[in-house]
Amino acid sequence: MQNVIQIGQVVQPSVLSNVERTVKNLKAWLGANSPSFSALAGEDVSRADVVKAHLYLFVVFVIGVVVSQMGGAL
C-alpha cells in the first residue's frame, strides 16, 4: 500500500511528536538553573529542586490543615 500526499493537503504533525517535544522542553526547563533561588541559596539550584521544595511545603501545609481540623482527636 502506498501513501500519497495530494497537492494542497495539509499534513498534521502526529500527536506523539507533540508530546515528545513537550516532554523534551519540560525536561530542559526543569533542568535549567533558577536564578532567583540560586541567588538566595548562594549555590546552583535547578528549577526541578524549586518545584520539589514547593510541593513538599504544600504537602506539609495540607497535613497541618487536616490535623488542625481534627480538633485534637489524635
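Modeller: Leaving aside residues up to four places away in sequence, Ser-34 touches Val-45, Ser-46, Arg-47 and Val-50; contact means heavy atoms within 4.5 Å. This is a predicted model, in which local features need pLDDT of at least 70, side-chain atom pairs count only at pLDDT 80 or more, and totals for chains, interfaces and linings use all residues. Residues are numbered from 1 along each chain as its sequence is written, and side-chain values use heavy atoms, with hydrogens and water left out.

Colleague: Why is Ser-34 called buried?

Modeller: Buried means under 20% relative accessible area, exposed over 50%, and partly exposed in between, with a 1.4 Å probe and protein chains only. Ser-34 has 7% relative accessibility, so it counts as buried. Its place is in the loop between α1 and α2 (35–41). In the protein chain, buried residues make up 7% of the 74 residues.

Colleague: What makes up the secondary structure of the protein chain?

Modeller: It comes to three helices and zero strands, in the order α-α-α from the N terminus on. Helices (H or I, at least four residues) and strands (E, at least two) are DSSP runs, numbered from the N terminus.

Colleague: Why is Lys-27 called exposed?

Modeller: Lys-27 has 63% relative accessibility, and therefore counts as exposed. It is found in helix α1 (residues 15–31). Lys-27 and Ala-48 are 21 residues apart in sequence, yet 8.9 Å apart in space, C-alpha to C-alpha.

Colleague: Why is Val-51 called partly exposed?

Modeller: The relative accessible area of Val-51 is 36%, so this residue is partly exposed. Val-51 lies in helix α3.

Colleague: How do you know that the span of α3 agrees with what its residues should give?

Modeller: The expected span of a helix is 1.5 Å times one less than its number of residues. The 23 residues of α3 should therefore span 33 Å, and its end C-alpha atoms are 33 Å apart, which agrees. Gly-71, with a positive phi near 65 degrees, follows α3.

Colleague: Which residues form the nonpolar patch on the surface?

Modeller: Phe-58, Val-59, Phe-61, Val-62, Ile-63, Val-65, Val-66, Val-67 and Met-70 form it, with about 790 Å² of accessible area together. Patch residues have over 30% relative accessible area and no salt bridge; like charges are joined within 9 Å, and nonpolar side chains (Val, Leu, Ile, Met, Phe, Trp, Tyr) within 5 Å. A salt bridge is a side-chain nitrogen of Lys or Arg within 4 Å of a carboxyl oxygen of Asp or Glu. Accessible areas come from the Shrake-Rupley method with a 1.4 Å probe; for residues, only the protein chains shown count as cover.
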